[in-house]
Amino acid sequence: MDKSKRPFLKSKRSFRRRLPPIQSGDRIDYRNMSLISRFISEQGKILSRRVNRLTLKQQRLITIAIKQARILSSLPFLNNEKQFERTESTARTTGLRTRNK
């Protein structure tokens, strides 16, 4: 059969099915920090459901668990991994200008 006569049939592509990020044995809880930290960005934001590949129910449970962990101070609200350099701050304080009158 010619390809021009069957324009609406999709080509058969092999694809690898992605594994779900939360397995059936994982408990979504505010104490499970290894699970919760996978769904937070580098800035400390909760990643969207589309990025996480979660169901709606799982995303709600993850969001609640993250918020509970933040309130109980086991997870920071902001993730400040970038530390300020000491040389930049000391250069400002040591370079005081003197006023000429």
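A polar contact is a pair of N or O atoms within 3.5 Å, where within protein one atom must be able to donate a hydrogen and the other to accept it, and where residues adjacent in sequence count only if both atoms are side-chain atoms. By that criterion, the side chain of N52 makes a polar contact with the side chain of Q59, at 3.2 Å. The model is predicted, so that local features need pLDDT of at least 70 and side-chain atom pairs count only at pLDDT 80 or more, whereas totals for chains, interfaces and linings use all residues. Residues are numbered from 1 along each chain as its sequence is written, and side-chain values use heavy atoms, with hydrogens and water left out.

**Overall architecture**

- The protein chain holds four helices and zero strands, where helices (H or I, at least four residues) and strands (E, at least two) are DSSP runs numbered from the N terminus.
- Read from the N terminus on, the elements follow the order α-α-α-α.
- Of the 101 residues in the protein chain, 19% count as buried, a class that means under 20% relative accessible area, while exposed means over 50% and partly exposed lies in between (1.4 Å probe, protein chains only).
- The accessible surface of the protein chain amounts to about 10000 Å², and 52% of this belongs to carbon and sulfur atoms; accessible areas come from the Shrake-Rupley method with a 1.4 Å probe, and for residues only the protein chains shown count as cover.
- Taking contacts in the protein chain between residues at least 6 apart in sequence, 51% join residues at least 24 apart, contact meaning heavy atoms within 4.5 Å.

**The nonpolar core**

- The largest nonpolar core has 11 residues, namely I22, L35, I36, F39, I40, L54, I62, A65, I66, A69 and L75, where such a core is a set of buried Ala, Val, Leu, Ile, Met, Phe, Trp, Tyr and Cys residues joined through side-chain atoms within 4.5 Å.
- Helices α1 (33-36) and α3 each supply at least two residues of this core, and the largest share, four residues, comes from α3.
- L35 has its place in helix α1 and counts as buried because its relative accessibility is 2%.
- Not counting residues up to four places away in sequence, L35 touches I22, D26, R27, I28 and I62; L35 and I62 are 27 residues apart in sequence, with their C-alpha atoms 9.0 Å apart in space.
- With residues up to four places away in sequence again not counted, F39 touches P21, I22, K45, I46, L47, N52, L54, I62 and I66.

**Polar and charged side chains**

- N52 lies in helix α2 and is classed as buried because its relative accessible area is 6%.
- Apart from residues up to four places away in sequence, N52 touches P21, F39, L47 and Q59.
- A search of the whole structure finds one salt bridge, defined as a side-chain nitrogen of Lys or Arg within 4 Å of a carboxyl oxygen of Asp or Glu.
- In that salt bridge the side chains of R31 and D29 meet at 2.8 Å, N to O; R31 is exposed, with a relative accessible area of 59%, whereas D29 is buried, with 15%.

**Surface patch and loop contacts**

- I71, L72, F77 and L78 form a nonpolar patch on the surface, with about 490 Å² of accessible area together; patches are made of residues with over 30% relative accessible area and no salt bridge, with like charges joined within 9 Å and nonpolar side chains (Val, Leu, Ile, Met, Phe, Trp, Tyr) within 5 Å.
- L78 is found in the loop between α3 and α4, and L78 counts as exposed because its relative accessibility is 60%.
- Q43 is located in the loop between α1 and α2 and, leaving aside its neighbours within four places in sequence, is in contact with L78 and N79.
- The C-alpha atoms of Q43 and L78 are separated by 6.5 Å, although these residues are 35 residues apart along the chain.

- R53, a residue other than glycine, has a positive phi near 60°; R53 lies in the loop between α2 (49-52) and α3 (56-71) and counts as partly exposed at 40% relative accessibility.
- S73, also a residue other than glycine, has a positive phi near 65°; S73 is found in the loop between α3 and α4 (86-94) and is exposed, with a relative accessible area of 65%.
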